[in-house]
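Subject: Handover of a structure and notes on its backbone

Dear colleague,

Please find below the structure that I am handing over to you. My notes on its backbone follow directly after it.

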2 protein chains.
Amino acid sequence: MTFRITIGPRIRKSPYFDATVAAGVSDMTVYNHMYMPTGFGDFEAEYRRLVETVALWDVAAERQVQIAGPDAARLVQMLAPRDISKMRVGQGRYALLSDVTGKLINDPVLLKLADDRFWFSIADSDMEYWVGGIAAALGLDVEVTEPDVSPLAIQGPNAPLVVADLFGEWVHDLKYFAFRETELDGIPLILARSGWSKQAGFEIYLMDGTRGTDLWDRVMSAGLPHGIGPGAPNVVERTEGDLLSWGADTRPDANALELGLGDFINLDMAPDFIGKDALTKIRAEGPKRRRVGLFIEPPILEPSDHNWLVRDRGGNAAGLISVAVPSIRLQRNIAIALIDSPLAEIGTHLVVETPSGPRQAEVTSLPFIQPG
Amino acid sequence: MTFRITIGPRIRKSPYFDATVAAGVSDMTVYNHMYMPTGFGDFEAEYRRLVETVALWDVAAERQVQIAGPDAARLVQMLAPRDISKMRVGQGRYALLSDVTGKLINDPVLLKLADDRFWFSIADSDMEYWVGGIAAALGLDVEVTEPDVSPLAIQGPNAPLVVADLFGEWVHDLKYFAFRETELDGIPLILARSGWSKQAGFEIYLMDGTRGTDLWDRVMSAGLPHGIGPGAPNVVERTEGDLLSWGADTRPDANALELGLGDFINLDMAPDFIGKDALTKIRAEGPKRRRVGLFIEPPILEPSDHNWLVRDRGGNAAGLISVAVPSIRLQRNIAIALIDSPLAEIGTHLVVETPSGPRQAEVTSLPFIQPG
């Protein structure tokens, strides 16, 4: 079941679009109204590069929502469930955004660029409208915009070597989610230690959309001695490592507590944030569902095309699969699912409704593979 | 330049997904986080059906943002630039939504279902967050949700015959954008006179996502005597008829006045709405750009893959193409563009930077083809 993706002016092209076409991109998705590569024709080779050497990803679709102005810090604190008052310029924080019902509506990284300027580096939903609507309703003195900023990810065990060759040895001292504004041969950018994999990695936030091919080519050249090649956010690696995929894992109504992300939400913090009341109530009652791992019986599955239904052994609906894939490192079928809490204990036996028929499954802990 | 679209759980499937696969869908896009068919392998046949007989489109991705509760009408009036106080239940209105800077952020149809319940039937941006953010900030007594409602469009000169065969002769009395809640063999739905073409047309808002294939098959059967076949929103017909494509025509920062949509914005209305101040200022100063048609010289073009640059004859940037296609009915290249006002007079000669080199072009009025 394969379909062509329509290429037209309704969806934006990344600054790296031409470079990825030259590199042989074969598969794409749409993310934040932008084409995003998902494959270059050899999935296993791309996976091996990511976990064994280093891969270059066009993740320009990870757009920034910039909040700038005198009320910027106040507005950010209304949205982010963590105390941002002690964040320093150059720091980043994982900042889960919830609506008034507690539903998770995005899981961005928050970057502090100045005391009065922040970026949410967002997953695939229009947070510009959430942030901008609240600012408009309250008449806050901020500008909410999407700047010309397009991340390029360098991920894999050799990523620090590539990035040090490009920028210098100081990059080894960057802490996770920390960033520094710099340049590369005149290309303005921010270098951050981050990326949507459980491997070592950096992201280069390109700040001039006309220089995409220049940047791609420079990184590719620097990476050749280290085994670099094109790649994309990898569904098998992210499942093995239990990275959250907003949309797949969260739609339509999951909250951060049932997703197991309570450590990133400070419900006892003094400043209120949107969603705090609802999440406090959910915490008191206990989440109705839990995000868990599943081992699914052989034979090896195709990756899941959609949210398959999970049943208990009596045939009652127990939850939904977020993602199911054959693990390359474990050589068995693994899945992530949101399961009704009474059925989410480790060792519980369940049944997954795959397109090729029901399969036995067993609840297990996450992640499947600890980072190395 | 063709790429596969990744099919996975991160993007939702329409209730009509299986039916469109059975009908031979070949091309897809993503719209409101949902796969949406864009072609069935024979573009010209699909176009002919739309303008000569009747076509069936999966437009489930045109999602609804429901606003329900005591403050619903108040909130809608804060957003919509038209007086909604006289709307009756069963009426629809084109309701352009702007942000505080006047930027158009969606161009939905507003449906009034009850005095305290409305739907925005939206284009491809997350209006749930715009509406929900404002409601949260102001503490309004409303619920903002996305209900289980998935439109199926029947478009083309024979559409009224098909719909009358299914529902009865009363459908001929429905005014444009009016709707009625009804059912078809137990399938709950709303029938509306609407659709994203300049042909006659209806949309069936399916209200039970488990019944997509049932509904698709029933409409297809009823349509066979009238020449129905599968299709999709058609880039050539929409360009000929000058329908706005939110995203293609509007990104990143266009406002409704420069898009020529001033007739749908009541700046002299008593209740304020978000964006009114900015748009009033833009009206006073005169829009800096204008949406116009362009005839582009032969030979026949491929449809535009992106927003091509337009220059004046001195080589200066004059604007961007929204869409350029070979018109099937006019047998010449046509385009829609947003052009700096001084260069937007009918008859102005411009140059379009196509991927195959510059082409001469001439500004003309819109639409290229009048309905009817």
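The notes below concern peptide bonds and phi angles.

Please bear in mind that this is a predicted model.

Cis peptide bonds

In chain A, the peptide bond that runs from A:Pro298 to A:Pro299 is cis, and its omega is near 0°. A:Pro299 is found in the loop between β17 (289–296) and β18 (309–311) of chain A.

In chain B, B:Leu366 and B:Pro367 are joined by a cis peptide bond with an omega of about -5°. B:Pro367 belongs to the segment after β22 (357–364) of that chain.

Positive phi angles

B:Phe177 is not a glycine, yet its phi is positive, at about 75°. This residue sits in the loop between α5 (159–167) and β13 (179–184) of chain B. B:Phe177 counts as buried because its relative accessibility is 18%, and the cut-off for buried is under 20%.

B:Asp185, also a residue other than glycine, has a positive phi near 50°. Its place is the loop between β13 and β14 (187–192) of chain B. With a relative accessibility of 53%, B:Asp185 counts as exposed, since that term applies over 50%.

With kind regards

Conventions. Residues are numbered from 1 along each chain as its sequence is written. Chains are lettered from A and ligands numbered from 1 in the order in which they are written. This is a predicted model: local features need pLDDT of at least 70, side-chain atom pairs count only at pLDDT 80 or more; totals for chains, interfaces and linings use all residues. Side-chain values use heavy atoms; hydrogens and water are left out. Helices (H or I, at least four residues) and strands (E, at least two) are DSSP runs, numbered from the N terminus. Buried means under 20% relative accessible area, exposed over 50%, partly exposed in between (1.4 Å probe, protein chains only).
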